[in-house]
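Subject: Two-chain model for your review

Dear colleague,

I am passing on the structure below, together with some notes on what came out of going through it. Please read the notes with the coordinates open beside them.

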Amino acid sequence: MLVEVLKIATDPLVVALVLWVLGNIVVERSGVINLALDGIITIGIAVAFVSTQYFGYFIGLLITIVTSLAFATMFMIFINIMHTYHVLTGLALNILFYGLSALIGLRLQKSPVLATLTLSPVLLALVSILAVLFTWFILYKTSIGIAIRACGFNPRASEHLGIKVWRTRFLASTIGYTLAGIGSYIYATVYRGGWVQYTGRGYGFLAITLAMASTWHPLLSYPISLVFGYLYTSIYALQLLHGIHPEIVNAIPYVASIAIVTIVYSTPLHKKLAAPRALGEVYFKEERAA
Amino acid sequence: MPKVAIVKRELSKTVATVAKVLVILLGLLIAIALTSIITGASMELAGITLLQGFLNLNVFVYISTLLPIAVGLSIAFSASAWNLGAEGQLVIGAVGATFIALYTPFGRQEVVAPLMALLFASFLGALWALPAALLKMARGINEALTTLLMNFIAYHMTNYLVKGPWRGRAVYGYPTTDMIPVQARIPTVPGYSFSWYVVVICVVIALLMQLFLYRTKVGIALRALGSSPRFVELAGISSKRLFLIAFLLSGALAGFAGGVKVLVYHGKLVEGPIVGSGYGFTAIMLSWLGGLNPLLLIPASYYTAALYILSFGLQIGSAAVGDALANAIVGSLLAFILLADFLTKYRLVIRWS
């Protein structure tokens with residue numbers, strides 16, 4: 001049992017998934033529905049793959065993070081400055097990002113494979129656990145985190161308390177997409193070591209799902225990501241041993257996520273695990289013009 | 001330090017429309033320019049390919065799927081019901097149509113089969129939208145997220161069906177069902193994979209929904225729900241019931257489109273992501289392009305369809321680059337539409353102090 005857990009916790013795919021989920025939690029805690037995550041992950045993977053081929057592993061990591069942040073900032077400008085609907089912006093930018101990622105990967109790659117980076121399993125597990133603790137600390141123990149969660153709960157009230165909503169959301173996206181960028185890098189260089197068109201597409205939505213299943217709480221997100229990581233990594237073993245069809249295993253996270261949220265909302269648990277209530281609300285602050 | 005403020009403004013409908021049309025024309029220019037830069041083809045060639053897209057009869061293949069979904073979604077979005085699950089509702093509609101055609105006695109009767117299949121497809125589509133609507137109404141759970149997740153459940157369910165119990169006996173192990181009986185298929189135009197019957201039905205649906213939204217009490221209340229839910233409640237109309245109507249209508253129309261895809265285009269059930277192929281998501285943006293107005297959606301869907309054809313025209317050189325390019329073009333066009341929305345609804349005030 002313990003061996004199984006350790007195997008999952010050190011799996012690079014699971015580590016990447018944990019980082020994406022955490023990144024999404026920070027952004028959605030600030031009240032932004034983060035659908036652009038999927039596109040930015042896809043771009044991040046393509047950029048990590050290409051830039052590592054040109055500049056080596058370390059610079060590749062930096063470039064991946066910077067690119068992820070740049071596109072996240074674009075997303076945030078749309079939402080916080082242009083006051084567009086979160087959902088529409090996310091979906092529209094996703095289409096653009098899928099296209100860009102493929103153009104980057106197809107046009108700039110030197111070869112379709114990349115020597116995978118070997119990291120010690122301990123280091124990988126440590127990265128994900130530290131990221132969980134860091135996110136939890138930021139969100140629940142610092143004034144920045146309180147501001148972020150306030151914006152997700154009621155942006156208007158937080159503005160009255162002297163929190164600049166747009167500034168807080170930009171900050172949240174910076175923290176969140178740094179984590180997500182590291183996740184994309186780990187996926188591309190440690191786990192995959194190769195790239196085909198649209199590699200990574202769909203993981204963003206999975207991360208959004210898992211964040212919802214853990215009611216946007218970083219500490220809960222870790223065990224939940226491990227459970228689904230286990231399901232994914234042992235998808236064929238489950239079929240052989242118990243006769244469960246892989247497609248059914250694939251659908252479990254989505255069904256479970258809806259079920260968990262329904263249960264939490266229907267019981268007194270929702271007082272303890274408050275979800276960001278203003279998620280997806282377009283917040284416009286009336287300003288006095290000159 | 002200059003101070004920048006963003007202030008709301010009201011522009012007349014005509015100015016806003018002109019802005020949108022300008023963006024759409026700009027989109028064509030972007031499409032041509034990007035195409036020639038990336039593929040190295042001359043501007044003229046790219047322009048001709050695009051023009052051919054508009055004149056190609058295949059636009060109707062896309063219109064007959066995209067238009068009904070977008071019409072349904074514009075009803076839902078007018079009522080602030082964020083149904084992002086059109087993709088899943090479409091896929092489940094396709095499952096429903098296949099079920100009627102392959103596994104019920106109706107499947108072999110002329111005329112009855114396609115009608116029953118389309119009805120059942122719409123019913124299943126609405127049913128697939130129902131849980132998200134109920135969860136929102138009863139527990140206040142964000143419907144955008146639940147509908148989004150329902151898409152993936154639909155994908156995997158369909159994949160399970162075509163790889164498991166429904167896999168056809170004559171398909172050599174491919175993950176598809178057998179072909180549906182000829183009687184259940186809707187006759188297509190020779191040489192093309194669309195049917196005039198369906199195109200006419202789609203346009204009629206758009207017209208009917210236009211009347212529903214703008215000429216009936218329920219429709220007008222639906223549109224008011226988006227901007228001022230309290231006002232609707234004061235007028236004595238249950239906002240929850242309106243929300244449910246909007247949601248189920250959009251689900252049913254997406255399911256209808258799924259039925260059309262099976263009966264006209266595929267002729268059998270294939271894997272979920274192939275049935276859906278992103279139409280549900282494209283339709284979300286399309287309904288926005290048409291300003292949530294069913295009548296304007298007809299030209300808007302024509303335009304989107306032509307862009308789709310352009311993307312296939314581009315794939316002649318290299319399929320991978322063509323597809324990537326099409327995504328980049330459509331995505332940047334949609335981003336520009338959001339930008340135009342911002343510029344018509346708000347203005348920037350810069351104050352030097």
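Two residues are taken to be in contact if their C-beta atoms, placed from the backbone, lie within 7 Å. On that basis, residues 24 or more positions apart account for 78% of the contacts in chain B with a separation of 6 or more, and the corresponding share in chain A is 81%. Please keep in mind throughout that this is a predicted model.

The two chains

Chain A contains 14 helices and zero strands, so that its pattern along the sequence is α-α-α-α-α-α-α-α-α-α-α-α-α-α. Its C-alpha atoms fill a box of roughly 60 × 45 × 30 Å along the principal axes, and 53% of the 290 residues in chain A are buried. The radius of gyration of chain A is 19 Å, which agrees with the value near 19 Å that a compact globule of 290 residues would have.

Chain B has 14 helices as well as two strands. Its radius of gyration of 21 Å is close to the 20 Å that the globule rule gives for 353 residues, so chain B is as compact as a globular protein of that length. The C-alpha trace of chain B spans about 75 × 60 × 35 Å along its principal axes, and buried residues make up 52% of the 353 residues in the chain.

Where the chains meet

The contact between the chains draws on 42 residues from chain A and 45 residues from chain B. On the side of chain A, the elements that give two or more residues are helix 4 (57-81), helix 5 (86-108), helix 10 (203-213) and helix 13 (246-266), with helix 5 of chain A giving the most, at 14 residues. By class, the residues on this side of chain A divide into 28 nonpolar, 12 polar and two charged.

Where they touch, 17 residues of domain 1 of chain B are in contact with 11 residues of domain 2 of chain B. The elements of chain B that give two or more residues to the domain 1 side are helix 1 (13-39), helix 2 (43-55) and helix 14 (319-345), and helix 14 of chain B gives the most, with eight residues. That side of domain 1 of chain B has 10 nonpolar, six polar and one charged residues.

The largest nonpolar core holds 215 residues, of which Leu19(A), Ile69(B), Ala117(B) and Ala246(B) touch the most other members. Helix 10 (residues 239-266) of chain B supplies the largest share of this core, with 16 residues. Domain 1 and domain 2 of chain B both give residues to the core, so it lies between them. Not counting residues up to four places away in sequence, Ala117(B) touches Ala97(B), Ile100(B), Ala101(B), Ala184(B), Gly259(B) and Leu263(B).

Helix 12 of chain B is followed by Gly291(B), whose phi is positive, near 60°.

Strand 2 (residues 346-352) of chain B, by contrast, is hardly covered, since the count of buried residues among its seven residues is zero. Strand 1 (residues 2-8) of chain B pairs with strand 2 of chain B in the antiparallel sense over seven bridges, and Ile6(B) stands opposite Leu348(B) in strand 2 of chain B.

With 13 other C-beta atoms within 10 Å, Val113(A) is partly exposed. Leaving aside neighbours within four places in sequence, Val113(A) is in contact with Gly193(A) and Gly194(A). The C-alpha atoms of Val113(A) and Arg192(A), which are 79 residues apart along the chain, are separated by 9.1 Å.

With best regards

Key:
Residues are numbered from 1 along each chain as its sequence is written. Chains are lettered from A and ligands numbered from 1 in the order in which they are written. This is a predicted model: local features need pLDDT of at least 70, side-chain atom pairs count only at pLDDT 80 or more; totals for chains, interfaces and linings use all residues. A residue is buried if 20 or more other C-beta atoms lie within 10 Å of its own, exposed if 12 or fewer, and partly exposed in between; C-beta atoms are placed from the backbone. Helices (H or I, at least four residues) and strands (E, at least two) are DSSP runs, numbered from the N terminus. Two strands pair if DSSP finds at least two bridges between them. A nonpolar core is a set of buried Ala, Val, Leu, Ile, Met, Phe, Trp, Tyr and Cys residues joined through C-beta atoms within 7 Å. Domain bounds come from an automatic or database domain assignment. The radius of gyration is taken over C-alpha atoms; the globule rule is 2.2 Å times the number of residues to the power 0.38. Ala, Val, Leu, Ile, Met, Phe, Trp, Tyr, Cys and Pro count as nonpolar, Asp, Glu, Lys and Arg as charged, and the others, Gly among them, as polar.
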